[in-house]
2 protein chains.
Amino acid sequence: MREVAVIGVGMTNFGELWEKSLRNIWVEAAMAAMKDAGVDRIDSFYVGCMSGGLFVGQEHLGSVLADYLGICPVPGTRVESACASGALAFRLGFMEVASGISDLVMVSGVEKMTDVSGDEATYALATAADMEYEGYHGVTFPGLYAMIARAHMTKYGTTREQLAQVAVKNHAHGALNPRAQYPFTVTIEQVINSVKVAEPLNILDCSPITDGAAAAILCPADRIKEFSTRPLIRVSGSGHASDTIALHSRKDITWLSAVEQAGKRAYAMAGVGPKDIDFAEVHDCFTIAEICILEALGFVEPGQGGPATMQGRTARTGQIPINPSGGLKSKGHPVGASGIAQIVECVEQLRGEAGKRQLDHARRALAQNMGGSGGSSLVHILEVV
Amino acid sequence: MREVAVIGVGMTNFGELWEKSLRNIWVEAAMAAMKDAGVDRIDSFYVGCMSGGLFVGQEHLGSVLADYLGICPVPGTRVESACASGALAFRLGFMEVASGISDLVMVSGVEKMTDVSGDEATYALATAADMEYEGYHGVTFPGLYAMIARAHMTKYGTTREQLAQVAVKNHAHGALNPRAQYPFTVTIEQVINSVKVAEPLNILDCSPITDGAAAAILCPADRIKEFSTRPLIRVSGSGHASDTIALHSRKDITWLSAVEQAGKRAYAMAGVGPKDIDFAEVHDCFTIAEICILEALGFVEPGQGGPATMQGRTARTGQIPINPSGGLKSKGHPVGASGIAQIVECVEQLRGEAGKRQLDHARRALAQNMGGSGGSSLVHILEVV
């Protein structure tokens, strides 16, 4: 296997982009990534998209997007693993370059979620759960994560304030991000007093419905000098794992086994452990999710995600900054794009190009993306060489 | 890159499988392929599915199917390229084994299309076209292929009888296939007098709406003796290409450029040409499609697809048997599964295990799968060593 580098990244602003269609925003992100990489052609591309069918009535994105980027007959591959679709596109592009099949591969993600009603979006998102045993009985994602939160509070004593602090921290980070959907700060009191969605989660515990696209360009590390004078950003680890789709099938719903397994595989490939990671972008679709992920990735001991957050250990000035971009919570969560937007943040931080968000020590980054209530997860590790 | 072999195949019967759900039929095909290969574990799997969201309200198949096959945390990747989703799964599994990342990979396809009404299925299928410029203006797939047929008849003098003969031939083949949805013969008169769908195409020119699943197991060729005493079936070529999604953007709508490009790439990788292929499974979603594909793959000169079919050159006793399985037309067309079902037929023919359908000379096979009206296509070449 060849060593793989990220030589370009690009993304749209995240938000309610009503004046643009799915193909428009994807092309915008793709062009930005190609410009950033300094390339005028690619060998193939991958696009993560959760549900073009339910959100905009358009499948077959490999053809649509190749067409609208003007690159036919270059092949395009659409992949889907619910909200982890973006990271799945990244992994497959990584494999295509690592294998030697292609040299210049674009990995991307897109979702256009605001063209349908809130009810329709909630249905579309619920198809990431077990529809036969969860969705069709009325359980949607806030409800599933509320059950996880309640179990975590019961088992470990995690508090309402600790959950809220995840949102407070991520909004503080996102307030520095010009591409964020909600770039403002919030307080613990505001989170706790915001509209109830599913006990104990309020609206400010939930990531939003978002339109957006993101892209990155991969090439073999030994060819990077042809394209770029920037520091080499190496993909040192990639892990992918599954878990049961329905919560009721899991031994312990507070433990995200797919995250643990994907993390272990990525750490093993990179030859590092959680203590060697300088910062991470993780899948904070709900505040409780970030707490469980901190534990499953080994950044903290089981049950310590809440206290660690409250102590500021995961803030941008803490020991292990989590979600310096603002995360899904503040930056927004166009489900197919989020996994690639995490990569964009990692690359900008590793290059020292993150502007007001720049972290002091950013040499090795971890990006963790997750499908549904944790039925699938992918973890990537990036390093500046 | 390592040499890759197919060591097991399996599929469900194709038809209206109302008593089974998507997860049931996929597990049935997956278990059959694992049994056929003699393996009790896999490293990862790919599943092609066009629209779990629109047909059954279930996305996130990587998690659902890993769960129901009982193999968590093994990762599953769902891919989509409309009706070419199955072959796309095959190509990605091929890359994963060729790269050395994994040794035992399942490639599969599934679609459950009969749980929705005919109108809903027609809408779901239309999302493989350009919905902004074709679908939402009322053009569905029979209409798109009818335009291609009319153009082909005008440009080359292709006749109504020649179109009908494609269906006659494929039903004659499918009548020998116990897994086919419509295993009966038809005559030219029956095709020409069947219900009109979109002038000049009648119902017997169209592939049906079908439930079904298919799977295959890939491994490195140098490990085949650990698993199988059967002849080695080698994957010698793989090609993937795109074309504009909308017909109106193409210079010549009778020419399937993505098929030509995918074919050229597969031929080049295998070091062969169309004359070296013993038989082929191709994407006869409509009778005109098979005629255009014969031309784009170089089996006949442009414009000669109709006459070659009428002369019997593509029958099972002809020079280049096309669709010995019965094709999409007679065997059925569960859109995400069709690309893998083509592989199942190729492998059974190459092994000499095709029963009543067995061809006399079957040493090198080609499988061609296509998305929408040709916006994407994949071609694979398999050989018995």
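**Entry 1: the chain as a whole.** I began by looking up the secondary structure of chain A in this predicted model, and I noted 14 helices and 11 strands. The radius of gyration of chain A is 19 Å, close to the 21 Å that the globule rule gives for 385 residues, so I wrote down that chain A is as compact as a globular protein of that length. I then looked up the box filled by the C-alpha atoms of chain A, which is roughly 55 × 45 × 35 Å along the principal axes. Of the 385 residues, 66% count as buried. Taking contacts in chain A between residues at least 6 apart in sequence, I found that 77% join residues at least 24 apart.

**Entry 2: two domains.** Next I looked up how chain A is divided, and I recorded domain 1 as 4-117 + 210-227 and domain 2 as 138-206 + 236-384. The C-alpha centres of these two domains of chain A lie 23 Å apart. Where they meet, 34 residues of domain 1 are in contact with 31 residues of domain 2. On the domain 1 side, strand S1 (4-11), H4, strand S4 (105-112) and strand S7 (211-220) of chain A each supply at least two residues, and the largest share, eight residues, comes from H4(A). By class, I noted 21 nonpolar, 10 polar and three charged residues on that side of domain 1.

**Entry 3: where the chains meet.** I then turned to the partner chain and found that 54 residues of chain A are in contact with 54 residues of chain B. Several elements of chain A each supply at least two residues to this side, including helix H2 (52-56), helix H3 (61-69) and helix H10 (257-270). H4(A) gives the most here, with six residues. The side of chain A that touches chain B divides into 22 nonpolar, 24 polar and eight charged residues.

Val79(A) stands opposite Val79(B) in S3(B).

**Entry 4: how the copies are related.** Finally, I looked up the superposition, in which chain A can be laid on chain B with an RMSD of 0.0 Å by a turn of 180° and a shift of 0.0 Å along the axis. The two copies are therefore related as by a two-fold rotation axis. The same surface serves both copies, as 100% of the contact residues of chain A recur in chain B.

Note on methods
Residues are numbered from 1 along each chain as its sequence is written. Chains are lettered from A and ligands numbered from 1 in the order in which they are written. This is a predicted model: local features need pLDDT of at least 70, side-chain atom pairs count only at pLDDT 80 or more; totals for chains, interfaces and linings use all residues. Two residues are in contact if their C-beta atoms, placed from the backbone, lie within 7 Å. Helices (H or I, at least four residues) and strands (E, at least two) are DSSP runs, numbered from the N terminus. Ala, Val, Leu, Ile, Met, Phe, Trp, Tyr, Cys and Pro count as nonpolar, Asp, Glu, Lys and Arg as charged, and the others, Gly among them, as polar. Two strands pair if DSSP finds at least two bridges between them. Domain bounds come from an automatic or database domain assignment. Copies are superposed by least squares on the C-alpha atoms of residues with pLDDT of at least 70 in both. The radius of gyration is taken over C-alpha atoms; the globule rule is 2.2 Å times the number of residues to the power 0.38. A residue is buried if 20 or more other C-beta atoms lie within 10 Å of its own, exposed if 12 or fewer, and partly exposed in between; C-beta atoms are placed from the backbone.
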